[in-house]
Amino acid sequence: MSARSGLGLVAVAVTVTLATLVAPSASARTASAATQAVSARTESTGGPMPSGRAAPGLPRTVVLDGGRLRRTRARLDHGDGRLALALRRLTARADNWLDQGPWTVVDKPKPAPGGDVHDYLSQAPYWWPSQPATAGNPWGCPYVQRDGQRNPEVDTGTDRQDVEKVFDSTYDLALAWYYTGEKRYSVKASQVLRTWFLDPATRMNPNLDHGQFIPCKYDGRAIGVIDFSQSYTSVLDAIALLDTGAPGWSRCDRAAMLAWNTGYRDWLTDSSFGKEEGAARNNHGTFYDMQLAALAYATGDKDLARRTVLAARGLRIDPQIAADGSQPQELARTRSWHYSTFDLVAYTRLAAVGRKVGVDLWAYRGPDGQSLFKAVDYLLPAATGAGPWSHPELEFHRFAATDVVHAAADAGDRAARAAVPGLEAPPGGDLWELRPAAEQLDSIAG
């Protein structure tokens with residue numbers, strides 16, 4: 001399907017979807033009461049009591065293992081005390097979103113270059129003005145690069161922060177609904193998704209033509225694709241959870257979101273920026289493959305998903321991971337620890353998609369013995385605190401590796417499994433058992 005036909009399907013589907021728009025989310029007072037109710041159940045039984053409600057169907061998740069989620073939900077319903085703390089942490093995150101948003105791409109103070117307020121806009125994070133701003137040079141051009149140093153301008157006047165809230169909130173809310181059955185979580189997630197992607201007045205066009213622009217230099221760049229690559233698979237999994245029968249999410253919503261994702265998938269494969277990002281030989285290329293494979297699977301093109309995962313063996317693992325497990329291109333960065341773990345978030349999620357299309361990326365060994373297991377094992381001394389990280393790093397966070405070590409342990413890496421007890425929990429606690437898919441746990445972007 002072409003990008004134009006995908007857009008046409010969106011226009012038709014969202015017209016129907018408007019009739020299903022829901023009222024704003026429950027108030028913070030309602031959210032607080034719900035949190036107390038969950039706490040009361042877990043304190044008395046060690047976990048949520050069986051509710052008697054019909055269990056959702058098996059979620060056709062893209063990165064997350066739907067069968068594993070369903071088994072975890074059954075354990076919670078039967079009062080598994082070991083999961084109770086993680087559930088409280090997850091619902092606390094979800095409760096925090098109930099009185100925020102929804103967000104829209106049309107709210108930025110200035111439209112993207114070209115003038116369409118529905119086009120996504122973000123600014124390159126590591127580029128800074130080199131001159132004082134004046135009436136004749138309001139941006140302070142020319143801009144110069146400072147690798148690893150984030151320009152605070154990128155968090156004002158563009159869509160980057162808002163879209164990250166869309167990604168994070170829908171994931172947390174959909175998971176909270178799936179595990180608790182609390183309607184307000186799915187209703188809020190549905191509202192956020194409809195506002196950003198589907199409502200004709202507020203929707204985003206399915207392209208990233210103006211991602212990571214540089215003032216006075218570029219209206220957009222191919223590397224802006226990573227703005228979505230980092231976290232959009234969480235949205236795909238959130239949709240799959242809602243599709244199991246969540247209140248507030250209709251068949252029309254599902255059809256409209258499928259059309260949007262198909263249009264965006266086609267933009268990734270057909271646009272010049274998409275093709276350029278796919279040719280990248282560092283973490284940008286890995287994340288591109290992960291995003292494309294996930295979108296292909298979610299939109300029914302399993303052949304494209306399988307081809308993408310298979311190609312990553314020679315295209316990504318062989319040149320990017322050394323025989324000792326290091327990632328030389330990421331070690332050259334000023335934030336080498338961050339980027340080494342960051343790239344492995346993409347690899348581990350790509351491996352999860354691969355399993356759904358019959359490709360075991362964890363089992364692959366390159367011509368020099370390269371493998372994902374070796375890449376994770378290279379991080380273990382620093383991840384557990386047993387040894388230092390001896391490469392450049394402006395802001396070391398040991399917990400940044402926690403999720404990728406979990407992923408390797410689950411995939412059968414004995415060294416990673418032995419390291420799990422020594423991992424540092426990320427802020428907010430370790431939620432791996434409830435959402436076993438690696439997240440970027442430290443906060444730097446790009």
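User: Why is threonine 308 called buried?

Analyst: Its relative accessible area is 8%. Buried means under 20%, exposed means over 50%, and partly exposed is what's in between (1.4 Å probe, protein chains only). Since 8% falls under that 20% cut-off, threonine 308 gets the label "buried". Before we go on: this is a predicted model, where local features need pLDDT of at least 70, side-chain atom pairs count only at pLDDT 80 or more, and totals for chains, interfaces and linings use all residues. Residues are numbered from 1 along each chain as its sequence is written, and side-chain values use heavy atoms, with hydrogens and water left out.

User: Where does threonine 308 sit, and what is it in contact with?

Analyst: You'll find threonine 308 in helix H12, residues 302-320. Helices (H or I, at least four residues) and strands (E, at least two) are DSSP runs, numbered from the N terminus. Contact means heavy atoms within 4.5 Å. Leaving aside neighbours within four places in sequence, threonine 308 is in contact with Asp289, Leu292 and Ala293. A polar atom of the threonine 308 side chain also lies 2.7 Å from the backbone oxygen of leucine 304.

User: What makes phenylalanine 197 and tryptophan 260 an edge-to-face pair?

Analyst: Two checks. Rings of Phe, Tyr and Trp (its six-membered ring) pair if their centres lie within 6.5 Å; planes under 30 degrees apart count as stacked, over 60 as edge-to-face and the rest as tilted. Searching the whole structure gives 21 aromatic pairs. For phenylalanine 197 and tryptophan 260, the centres are 4.8 Å apart and the planes make an angle of 75°. Because 4.8 Å is within 6.5 Å and 75° is over 60, the pair is edge-to-face.

User: Why does that pair tie together separate parts of the chain?

Analyst: Phenylalanine 197 is in helix H6 (residues 183-198) and tryptophan 260 is in helix H9 (residues 251-270), so the pair joins parts that are 63 residues apart in sequence. Phenylalanine 197 is buried at 0% relative accessibility, and tryptophan 260 is buried with a relative accessible area of 0%. Ring pairs also link Phe197 and Trp260 into a cluster with Tyr120, Phe167, Phe228, Tyr232, Tyr264 and Trp267.

User: Which residues have the most contacts inside the largest nonpolar core?

Analyst: Phe197, Phe228 and Tyr232, in a core of 113 residues. A nonpolar core is a set of buried Ala, Val, Leu, Ile, Met, Phe, Trp, Tyr and Cys residues joined through side-chain atoms within 4.5 Å. Apart from that one lies another core, of five residues, including Trp127 and Cys141. Tyr232 is also one of the buried residues of H8, and that helix (residues 232-242) has 11 of its 11 residues buried.

User: How do you know that cysteine 141 and cysteine 216 form a disulfide?

Analyst: Their sulfur atoms are 1.9 Å apart. A disulfide is a pair of cysteine sulfur atoms within 2.5 Å. Since 1.9 Å is within 2.5 Å, the pair qualifies. By this rule the count comes to one disulfide. Cysteine 141 sits in the loop between strand E1 (127-129) and strand E2 (143-145), and cysteine 216 in the loop between H6 and helix H7 (226-229), so the pair ties together parts 75 residues apart in sequence.

User: Are those two cysteines buried or exposed?

Analyst: Cysteine 141 is buried, with a relative accessible area of 14%, whereas cysteine 216 is exposed at 57% relative accessibility. Check them against the cut-offs: 14% is under 20% and 57% is over 50%.

User: What makes arginine 333 count as a charge over a ring?

Analyst: A charge sits over a ring if NZ of Lys or CZ of Arg is within 6 Å of the ring centre and within 35 degrees of the ring normal. The charged end of arginine 333 sits over the ring of tyrosine 339, 4.0 Å from its centre, and 4.0 Å is within 6 Å. Arginine 60 lies over the face of tyrosine 297, 4.7 Å from the ring centre.

Note on methods:
Polar contact = N/O pair within 3.5 Å; in protein donor to acceptor, adjacent residues only side chain to side chain.
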